[in-house]
Amino acid sequence: MTDHEPAELPVLLTRTDGIVWVDVPTWDDAAERILADAFAFHPLAIADCRERRQVPKVHVYGDHVFVVLHAPSAGRAGHVHYVELDQFIGPNYLVTVHGPLNPAVDPDEAMVEVRSALRRIVDGRFRPELPFEISYALVSALCGRLRDYTATLTGEVWDLEKRVTGGHLGDVEQFLEELFRTRHGLITVRTMAALSREVYARMARINVFGTKRGHRLLQDTVDQFDRLAAMAHSQKDYLQGTIEFYQTRTNTKMTIAAERLAVIAAVTLPITALSSVLGMNLIVNDETHYVSLSVTLTVMLIMSVTLLVWAKRKGWW
């Protein structure tokens, strides 16, 4: 593997003794000129590289395939950034373009897949013969990033479930934020994997890389995205069950509290009514009617005990 200057591209593309891999880490006018002049890519595909795309896509041209994929990057407050990777896969070349990034994302996040594939080539563990084999290595590394992110979210799910069942929630509002942030992350991973799966399923159906090894690699990519989507979906369902358990337990506690308040109201309301009617006539500044007061207090006590016994038989407390 050797490095070359962009000016050498026209000569390199005429050679048949290797693969030309052009990587564009950041978009600029020079990169746009190279894609337009040296490769003559379609203007719409170049525009897709210039601007961020939220949905994966594939376009099959006469002599190459254009693919847009995304990998996750954790942001602040539960936000998940979409790190875009664009690929032009030709007969003897591969062009990788790292789409515009959110300023909050570290630029190194966009280079994870490329560095992984390069490291394997330099170490001699990977000897690609065709461009789509390098593309497959990049996509496998992207799947690895999705898998690692899912594993991180799964650890959060387990911690949240343990806190729910153990009753150690801390600040309730903050705990709910953690629950929904983790669920959002799992939904994002599932969406990324499911949409990418559809892109590669279409490529496999039309055999863009032939019917032999290229088709097998496409089928394996489809399977990887299938499994990632299923894993994220299962973890999301598990977390949703934890959320429902927490909500059910909370609602049950509120219902019990409401029943107890109802018992208190039922016991005190008749007494309050009786005292408001008779109290002003039994206890006055000039004279207190002790006999009438005693009778009234006895009646109030009997009413309270009767209501408590009745509430107990009803199972309210």
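On a 1 Å grid over the protein atoms alone, a cavity is a set of points where a 1.4 Å probe fits but cannot get out. With that in mind, a search of this whole structure finds one cavity of 30 Å³ or more, a volume being the space filled by probe spheres set on the points, which are joined across faces, edges and corners. This is a predicted model, where local features need pLDDT of at least 70, side-chain atom pairs count only at pLDDT 80 or more, and totals for chains, interfaces and linings use all residues. Residues are numbered from 1 along each chain as its sequence is written, and side-chain values use heavy atoms, without hydrogens and water.

**The cavity**
- The largest cavity holds about 60 Å³ of space.
- Its lining (residues with an atom within 4 Å of a point) includes Phe-132, Tyr-200 and Thr-221.

**Ser-196**
- Ser-196 sits in helix H6 (residues 172-205) and is buried (under 20% relative accessible area), at 1%.
- A polar atom of the Ser-196 side chain lies 2.8 Å from the backbone oxygen of Met-192.
- Beyond four places in sequence, Ser-196 touches Pro-56, Leu-69 and Phe-225, contact meaning heavy atoms within 4.5 Å.

**Leu-228**
- Leu-228 belongs to helix H7 (residues 213-282) and counts as buried because its relative accessibility is 2%.
- Among the contacts of Leu-228 outside four places in sequence are Cys-143 and Ala-193.

How values were computed: Helices (H or I, at least four residues) and strands (E, at least two) are DSSP runs, numbered from the N terminus. Buried means under 20% relative accessible area, exposed over 50%, partly exposed in between (1.4 Å probe, protein chains only). A polar contact is a pair of N or O atoms within 3.5 Å; within protein, one must be able to donate a hydrogen and the other to accept it, and residues adjacent in sequence count only if both atoms are side-chain atoms. On a 1 Å grid over the protein atoms alone, a cavity is a set of points where a 1.4 Å probe fits but cannot get out, and a pocket is an open set with protein on both sides within 12 Å along at least five of seven lines; lining residues have an atom within 4 Å of a point.
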